[in-house]
Amino acid sequence: MGHRKKLRTVIDILKCLTSNIKATLSTKRNTKIRIAVLRATTARNSSSPPSDNRIAAVISFGRGSRLTACALIEALMDRLHGTKNPSVALKCLFTIHSIIKKGPFILKDQLSFYPSFGGRNFLNMSKFRQDSDPERWELASWVRWYATVIEQNFIVSRFLGHYLNSSCSSNNSKDKEDKASALLNKDLLGELDVLVDFVEVICEAPDSLHLQRTNLVYAVIRYAGEDYRIVQREILIRVVELKDRMASLSCNELTQLLGSLKRFEDCKERLRLLFVNRARNDALWELIRGAKLKIMEMGKLKSLVKMERTDGSGELTRFRERFGELRQLVRLNSGGGWLGVDRVPALTMSTML
């Protein structure tokens with residue numbers, strides 16, 4: 001098994017060298033772009049993420065024309081979809097995530113519209129498998145998960161109207177609070193749902209957390225953790241705003257809010273294991289707990305009011321039924337006298353009415 005693994009590693013390195021040589025000898029206009037992508041996603045040093053210098057070299061092509069940016073994204077996607085090596089695939093995804101976090105708008109724009117018809121699974125890594133040995137099999141599961149995290153990042157960004165990792169997402173919290181206060185209840189609840197969806201995707205990380213010992217997987221988890229911290233702040237803003245609006249929320253809206261809060265709270269333990277208590281934000285969890293309690297208290301109050309109204313209407317109905325029975329008994333004869341009931345009780349009842 002050890003010899004086979006070494007042989008496979010040598011084969012991967014040779015494939016990478018061959019790709020580099022082909023790109024170097026190529027006369028195509030995009031040769032430099034493909035060389036930069038290959039160097040950032042090399043099969044060598046399979047347990048290490050791309051260096052900052054190689055990531056910077058890739059991102060630098062986004063500072064030119066839109067055509068160059070498009071060629072870069074195409075080369076990166078070709079590399080991602082053309083490899084069967086989980087380490088190379090993870091490096092490709094890490095490079096894509098680096099573009100989302102640090103790259104210019106033009107590169108993010110090209111990524112968000114790849115392919116041109118869009119879709120939730122635009123990275124198309126859900127079927128990525130590698131069962132040649134247990135380690136690669138486990139790494140392949142990290143590839144599938146990481147691709148889903150990046151896809152969800154774009155879904156949230158489209159829903160919020162700005163890139164999650166952009167500078168406007170990290171700063172100007174007052175502006176974001178003002179924006180949230182201007183939203184309709186249904187839009188605010190919709191944004192909260194999408195943000196909680198993202199947290200749930202992060203929590204679906206593979207169980208092989210021991211692979212965090214490798215620098216590559218550790219770097220992937222670190223990037224996902226940074227995204228989660230941004231999402232925490234976005235959730236905080238919306239929960240604070242919705243908590244202030246609770247008195248005006250309908251029963252359906254309160255139910256939707258309670259469901260989102262419960263889904264988020266259900267992620268707490270998994271997040272703790274995944275990030276080893278990093279990005280805990282105890283204040284946020286306390287806010288979630290307080291909001292849930294407030295909703296449940298409001299629910300009990302509304303139930304009591306409903307019961308009181310029901311009881312009150314029931315008493316009125318019973319009173320009307322008794323009055324109807326009395327009217328059936330009371331009839332006037334042709335001489336104006338009472339039939340079927342004594343005059344005095346009847347007068348007494350009329351006085352009560």
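Predicted model: local features only at pLDDT ≥ 70, side-chain atom pairs only at ≥ 80, totals over all residues.
Reader: What span should helix α5 have, and how far apart are its end C-alpha atoms?
Author: Helix α5 runs over residues 86-102, which is 17 residues. At 1.5 Å a residue, the helix should span 24 Å. The end C-alpha atoms agree with that, because they are 24 Å apart.

Reader: How many residues of α5 are buried?
Author: Buried means under 20% relative accessible area. The helix is mostly covered. Of its 17 residues, the buried ones number 16.

Reader: Which backbone nitrogen does a side-chain oxygen of asparagine 85 reach at the start of α5?
Author: The oxygen comes to within 2.9 Å of that nitrogen. The nitrogen belongs to serine 87.

Reader: Which residues touch the most other members of the largest nonpolar core?
Author: This core has 93 residues. Its largest share, 14 residues, comes from helix α11 (residues 215-244). The residues touching the most other members are Ile96, Leu123, Tyr146 and Ile235.

Reader: Which residues is isoleucine 96 in contact with, leaving aside neighbours within four places in sequence?
Author: Contact here means heavy atoms within 4.5 Å. With those neighbours set aside, isoleucine 96 is in contact with Leu76, Met77, Leu80, Leu111, Leu123 and Ile150.

Reader: Is cysteine 203 buried or exposed?
Author: The cut-off for buried is under 20% relative accessible area. Cysteine 203 has 13% relative accessibility, so the residue counts as buried.

Terms used: Residues numbered from 1 in each chain as written. Heavy atoms only, no water. Helix = DSSP H or I, 4+ residues; strand = E, 2+ residues; numbered from the N terminus. Expected span 1.5 Å × (residues − 1). Buried < 20%, exposed > 50% of the residue type's maximum accessible area, 1.4 Å probe, protein only. Polar contact = N/O pair within 3.5 Å; in protein donor to acceptor, adjacent residues only side chain to side chain. Core = buried A, V, L, I, M, F, W, Y, C linked by side-chain atoms within 4.5 Å.
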